[in-house]
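Here's a quick tour of a few spots worth a look before you set anything up. Have the viewer open as you read.

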Amino acid sequence: GSLTLENQQLLCRTLGQRTFARLGSTGEVSFHGRVITTSRVELETLVSEGKFRGDLVKALSRIRLQIPPLRHRRADIRALAQHFLRNERKRAPRSVEGLTEDALGYLEELPLWGNAAELQTTITRAAQQGKGNWIESEDLSDSESQEHRVAEVGLDPLEHAEQTLIAAVVRQCDGDAERAAQILGISKLEVARIHKQTSKLARE
């Protein structure tokens, strides 16, 4: 839903004609493939507000899947939590064996208004800040309190997950933003900006 009207027009043309021009080129390139898109907002509402093209919605909606939010799919929480933890182990400052049964039960009871992004953020923080080799429910409770602060200040859960990861890498690099930027593949200025935002949130 955040695509500008100008880019919506370009995408609509590309989908209709199956051609596009590369950046800086005037030649047309044929394109054959499927386009998969996701949105967290109702595009029809944006169409009625004049913020999204109705013809583009039709072009993108040939096959449409409605995926319920994670809080309505409690059976998926364990598998997702363990998946996020497997990815996080590589960055954790200590050996993390897994989540205890109590921790998994705790996660299944969380409201998770931030959907999977909130769950991922919770796992990331627990893996980075926990003390033992197993993540306990106590390691997750602080994460929940932080999520409440995120909601209060209006921070997007995906942006919060990004900030949490960057802050963790900066800590592992002993505050060296340049080294953290090399690991993350982003600019030093971007690391410094996001790390500053994270520190400000932690103080609130």
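Which residues does Arg94 touch, not counting residues up to four places away in sequence? They are Ala126, Ala127, Gln128, Gly130, Lys131, Gly132 and Ile135. Keep in mind that this is a predicted model.

Arg94 itself sits in the loop that runs between helix H4 (77-88) and strand E3 (98-99). Here's the curious bit: Arg94 is buried yet has no salt bridge. Asp139 is the nearest side chain of opposite charge, and that one is 5.2 Å away. A salt bridge here needs a nitrogen–oxygen pair within 4 Å. What the Arg94 side chain does reach is backbone oxygen, and two of the residues it touches supply it, as the table shows.

| Backbone oxygen reached by the Arg94 side chain | Distance |
|---|---|
| Gly130 | 3.3 Å |
| Gly132 | 2.5 Å |

Now for the surface. Ile63, Leu65 and Ile67 make up a nonpolar patch there, and together they have about 420 Å² of accessible area. Look for Ile67 in the loop between helix H3 (54-60) and H4.

Most residues other than glycine have a negative phi. Arg18 has a positive one, near 60°, and is not a glycine. You'll find Arg18 in the loop between helix H1 (5-17) and strand E1 (19-21).

Key. Residues are numbered from 1 along each chain as its sequence is written. This is a predicted model: local features need pLDDT of at least 70, side-chain atom pairs count only at pLDDT 80 or more; totals for chains, interfaces and linings use all residues. Side-chain values use heavy atoms; hydrogens and water are left out. Helices (H or I, at least four residues) and strands (E, at least two) are DSSP runs, numbered from the N terminus. Buried means under 20% relative accessible area, exposed over 50%, partly exposed in between (1.4 Å probe, protein chains only). Lys and Arg count as positive and Asp and Glu as negative; His and the chain ends are not counted. A polar contact is a pair of N or O atoms within 3.5 Å; within protein, one must be able to donate a hydrogen and the other to accept it, and residues adjacent in sequence count only if both atoms are side-chain atoms. Contact means heavy atoms within 4.5 Å. Patches are made of residues with over 30% relative accessible area and no salt bridge: like charges are joined within 9 Å, nonpolar side chains (Val, Leu, Ile, Met, Phe, Trp, Tyr) within 5 Å. Accessible areas come from the Shrake-Rupley method with a 1.4 Å probe; for residues, only the protein chains shown count as cover.
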